[in-house]
Amino acid sequence: MMVDMSPFPVGKPMALQPGLSCVLAPNPSPMTFWGTNTYLVGDQSLAIIDPGPNNESHLEALVAAIAGRHVSHILLTHSHLDHSPLARPLAERVDAPILAFGPSGTGQSPVMAELAARGLTGGGEGIDKVFVPDRVVSDGQVITGPWGQVQALHTPGHIGNHLCFQWQDAIFTGDHVMGWASSLVSPPDGDLTDFMRSCRKLQGLTANTYYPGHGPPVTNPSARLDWLVSHRLGREQQILDVLSNGQMSIPVLTRRIYDDVAPALLPAAERNVFAHLIDLVGRGLVTALPQLSVLAEFRRQPDQMANVEGKS
């Protein structure tokens with residue numbers, strides 16, 4: 001049964017299952033839903049997942065929820081401004097190390113790194129540029145504490161340094177899989193090819209529940225992953241279909257596809273479309289003119305058929 005977090009009290013710990021509670025940060029927005037979920041794993045000793053934004057009231061709420069208990073680890077799914085800035089202040093308050101895949105920029109795909117170095121992508125919104133963990137965690141690494149253990153899963157796509165954490169029969173999915181929306185993939189930090197590969201990685205794992213960075217728990221992970229992959233493949237086909245009508249820029253293409261989206265969300269939609277276009281150019285299905293960049297115009301290759309499975 002899904003836990004109803006819609007009336008989730010901001011700043012108050014809410015039990016989700018034995019040994020797990022969540023404190024909601026006061027940062028609701030169209031991109032964060034009700035706010036950032038900070039998870040407390042354990043009973044007498046704790047691991048904290050995603051302390052959240054740099055917000056003094058949330059820091060005090062977390063300290064109150066910890067209630068003097070030992071904190072052995074602070075784990076970060078990724079270094080966006082709604083997830084990581086509070087890690088250092090919290091670490092100083094509870095004397096615990098911060099663990100993550102690496103600073104912002106770690107795990108960035110080669111194609112994105114090249115485009116960014118040439119100044120061709122724009123983007124970079126929401127990145128915690130000063131974030132540095134105390135310890136770097138590798139893919140598959142098992143982190144153990146008095147509260148039990150989690151396994152780190154490198155799942156780039158939303159951002160290169162994104163991790164999910166497998167714990168018991170659940171996975172903390174950060175911003176990679178959420179129940180209320182599909183994840184934003186914004187170049188050069190986000191990579192659609194990596195995103196699809198990470199989805200398939202999660203499809204190979206068994207879990208009863210996903211605990212995302214925003215919104216309620218996902219109680220049918222397999223169905224949600226299937227939807228997410230299908231949604232992305234459907235968006236890809238939309239892009240190819242619209243480009244069959246002629247060459248066009250990202251803003252024009254986005255408005256033809258997202259014809260029912262509020263104007264305030266169109267910039268994020270453009271970033272998602274650009275992520276798809278980079279993937280399609282890389283697969284030889286679309287051509288960018290005069291060169292691949294956020295300012296390019298794009299044309300479908302008439303002699304190529306879309307590979308709906310994407311890159312493996």
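Is N161 buried or exposed? N161 is buried, with a relative accessible area of 2%, where buried means under 20% relative accessible area, exposed over 50%, and partly exposed in between, for a 1.4 Å probe and protein chains only. The model is predicted, so that local features need pLDDT of at least 70 and side-chain atom pairs count only at pLDDT 80 or more, whereas totals for chains, interfaces and linings use all residues. Residues are numbered from 1 along each chain as its sequence is written, and side-chain values use heavy atoms, with hydrogens and water left out.

N161 is placed in the loop between β9 (148-154) and β10 (163-167); strands (E, at least two residues) and helices (H or I, at least four) are DSSP runs numbered from the N terminus. Contact is defined as heavy atoms within 4.5 Å. Leaving aside neighbours within four places in sequence, N161 is in contact with T77, H78, S79, F101, G102, P103, S104, T106 and H154. The C-alpha atoms of N161 and G105 are separated by 7.0 Å, although these residues are 56 residues apart along the chain.

The description now turns to the sheet. An open sheet is formed by 7 strands in the order β1-β2-β3-β4-β5-β6-β7, with mixed pairing; two strands pair if DSSP finds at least two bridges between them. Its edge strands are β1 (14-17) and β7 (135-136), each of which pairs on one side only. Within this order, strand β3 (residues 37-42) is largely enclosed by the rest of the structure, because 6 of its 6 residues are buried. Strand β2 (residues 20-24) pairs with β3 in the antiparallel sense over 5 bridges, and the bridge partner of C22 in β3 is Y39. β3 also pairs with strand β4 (residues 45-49), again in the antiparallel sense, over 4 bridges. In this second pairing L40 stands opposite I48 in β4, and β3 and β4 form a hairpin with 2 residues between them. Strand β6 (residues 98-100) and β7, by contrast, run parallel and are joined by 2 bridges; there A100 has V136 in β7 as its bridge partner. Helix α2 (residues 87-94) lies across β4, β5 (70-75) and β6, running at about 160° to β5. Here axes are lines fitted to C-alpha atoms, for helices over the stretch in contact, and angles run from 0 to 180 degrees between N-to-C directions.

A further packing arrangement involves two helices. The axes of helix α5 (residues 221-243) and helix α7 (residues 266-282) come within 10 Å and cross at roughly 80°. α5 is therefore roughly perpendicular to α7, given that angles of 65 to 115 degrees count as roughly perpendicular, under 35 as roughly parallel, over 145 as roughly antiparallel and the rest as oblique. On the α5 side, R232, R235, E236, I239, L240 and L243 meet N272, V273, H276, L277, D279 and L280 of α7. By class, this contact of α5 with α7 has 6 nonpolar, 2 polar and 4 charged residues; Ala, Val, Leu, Ile, Met, Phe, Trp, Tyr, Cys and Pro count as nonpolar, Asp, Glu, Lys and Arg as charged, and the others, Gly among them, as polar.

The cysteines remain to be considered. A disulfide is a pair of cysteine sulfur atoms within 2.5 Å, and by this rule the count comes to 0 disulfides. The sulfur of C22 is too far for a bond, because the closest cysteine sulfur, in C164, is 16 Å away. C199 is likewise in no disulfide, the nearest cysteine sulfur, that of C164, being 9.3 Å away. C22 is buried at a relative accessible area of 0%, and C199 counts as buried at 0% relative accessibility.
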